[in-house]
Amino acid sequence: MGEEEIISMRTAKLERLRSRGLDPYPPRFRPSHTARQAVAVLEGLDQSPDPVTIAGRVTAMRHMGKATFVDLRDGSGRIQTYLKEDILGSQAYEMLRDLDMGDFLGVSGPLFRTKTDEPTVQVEQLTILAKALRAPPEKWHGLQDVEVRYRQRYLDLMASPDVRETFLARSRIITAVRRFLDGRGFLEVETPVLQPAAGGAAARPFRTYHNALDRQLYLRIALELYLKRLVIGGYDRVYEIGRIFRNEGVSAKWNPEFTMLESYQAYADYNDVMDMVEEMVSTVAREALGTAAVDSGESKIDFAPPWPRITLRDAIKHHAGIDFEDYPDVESMQKAVASSGVPVDEKWGRGKLIDELLSAKVEPNLIQPTFLLDYPVELSPLAKAKPDNPRLVERFELFIAGREVGNAYSELNDPLEQRERMLKQARLRAAGDEEVELADEEFLVALEHGMPPCGGLGIGIDRLVMALTGQPSIREVILFPHLRDRGSS
């Protein structure tokens, strides 16, 4: 049966309901229990004479002459209801003829257990709450069409308990992250989404225009520069969980907008932040999931600390056979990277070349939680240099399940060196490299007022949820991921 025919038949049922003087879309209904709470009432009992009032979506109907079983699902789960003509009366029972899968129904009545021990509501009153004009997914155990799943996430949530559980887990994970940071004395704040300069990361921004101010603005690509202003202003521990926007590709790892956690702690360095991240992620896993070990594809990932700490130099030497310290300029680095089989763009600087080597040769091998430490200064214009080697900075990245999940620095607080690094990034941009840090004069002025030693952290919440729930694609943990237009290649 075609979709238009289904809509026509359901619309006819809608009109029949109205012709009986019923409102198929009443303005309110007051359930006394959720489905889960109603089932709990029968704990250890065969029946309960006290009536309950339940509301939910119809997910199954089994007609047996003058009796009908109807399954209702609400946000807590499923419960069976039992409707008999001699209890409801013929007029109310006749209304079931115009009931379809996907409709919302409210029922009231006592609870009992069937012969198969199924908790069930003996319906004494029923109310149509919303008539669905389109049919739900045919397979309640889950949609198979990935395009439909992402474009019409509401159908995916209707059809798949596993999908619903993933997003419930996401909510629990974010709540647990907040609870952890709040418990360590961090202050949650909010910073601008529209910014005059898109700084704090090397990424291509989205641009927009503000009519009243008559100026171009950018959607933020990071939270960093405004949060550091707050450290400068006297807040020693701050964090924000917010949306970030980067005008980049779409893939299993990337979505143009995503959720980022950034935190900044005065008088700390990247070693302190590493310790905090180990404790935070393992704590969040236990609180949100009830375990510190989760399945991810063919692997089981153990989030219990301690986690390996390996220098980026040693990791690339091990997996790619290249010591980047042996190639101090762009030309020699290009040849080394090309010889490893990694494609090279002549516009790339030395830092970008090392980053591509990391992505291609090292990252896929880092399945268990692993910290890579000490990055080239070209890759990290906002990080403090290592005292014993100014070509490297005190930075780590966290990798889980073959993906980067977090990034942290001992923050650069020398305003003169920071200005020089940003000017160098500007020169790279002028030469054609769009994925570099933009200079932010307002931030540089703030830094000239003095910022204490500081440990900064950024964690991609979406990728953290992927790691903790074993999901292979970022689209599985974002409710409404960005997609190309229908029919486009």
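**Leu373 and other spots**

Mentor: Start at Leu373. Leaving out residues up to four places away in sequence, Leu373 touches Met274, Arg309, Ile310, Thr311, Leu312, Arg395 and Phe396. Keep in mind that this is a predicted model.

Trainee: Okay. Where is Leu373 found?
Mentor: In strand β16, which covers residues 370–376.

Trainee: Is Leu373 buried or exposed?
Mentor: Buried. Its relative accessibility is 11%, and the cut-off for buried is under 20%.

Trainee: What separation do the C-alpha atoms of Leu373 and Leu392 have?
Mentor: They are 9.6 Å apart. Along the chain, the two residues are 19 residues apart.

Trainee: Switching to helices. At what angle do the axes of α10 and α12 cross?
Mentor: At roughly 55 degrees, and the axes come within 10 Å. Helix α12 spans residues 350–362.

Trainee: Is the crossing left-handed or right-handed?
Mentor: α10 passes α12 in a left-handed crossing.

Trainee: Which residues make the contact?
Mentor: From α10, they are Leu312, Ala315, Ile316, His319 and Ala320. From α12, they are Ile354, Leu357, Leu358, Lys361 and Val362.

Trainee: How do the residues of that contact of α10 with α12 divide?
Mentor: Eight are nonpolar, one is polar and one is charged.

Trainee: What about α7 and α15? How do their axes cross?
Mentor: At roughly 115 degrees, coming within 10 Å. Helix α7 covers residues 161–183 and helix α15 covers residues 461–469. This crossing is right-handed.

Trainee: Which residues in α7 and α15 meet?
Mentor: On the α7 side, Thr166, Ala169, Arg170, Ile173, Ile174 and Val177. On the α15 side, Ile461, Asp462, Leu464, Val465, Leu468 and Thr469. The residues of this contact divide into eight nonpolar, two polar and two charged.

Trainee: Now loops. Where is Asp323 found?
Mentor: In the loop between α10 (312–320) and α11 (330–339).

Trainee: Buried or exposed, that Asp323?
Mentor: Asp323 is buried, at 12% relative accessible area.

Trainee: What does the side chain of Asp323 reach?
Mentor: The backbone nitrogen of Glu325, at 3.0 Å. Setting aside residues up to four places away in sequence, Asp323 also touches Arg313 and Lys317.

Trainee: What about phi of Ala401?
Mentor: Positive as well, at about 55 degrees, although Ala401 is not a glycine. Ala401 sits in the loop between β18 (389–400) and β19 (403–410). Ala401 is buried, at 14% relative accessible area.

Notes
Residues numbered from 1 in each chain as written. Predicted model: local features only at pLDDT ≥ 70, side-chain atom pairs only at ≥ 80, totals over all residues. Heavy atoms only, no water. Helix = DSSP H or I, 4+ residues; strand = E, 2+ residues; numbered from the N terminus. Buried < 20%, exposed > 50% of the residue type's maximum accessible area, 1.4 Å probe, protein only. Polar contact = N/O pair within 3.5 Å; in protein donor to acceptor, adjacent residues only side chain to side chain. Contact = heavy atoms within 4.5 Å. Axes fitted to C-alpha atoms, helices over the stretch in contact; angles between N-to-C directions. Left-handed = near helix turned anticlockwise from the far one by under 90°. Nonpolar A, V, L, I, M, F, W, Y, C, P; charged D, E, K, R; others polar.
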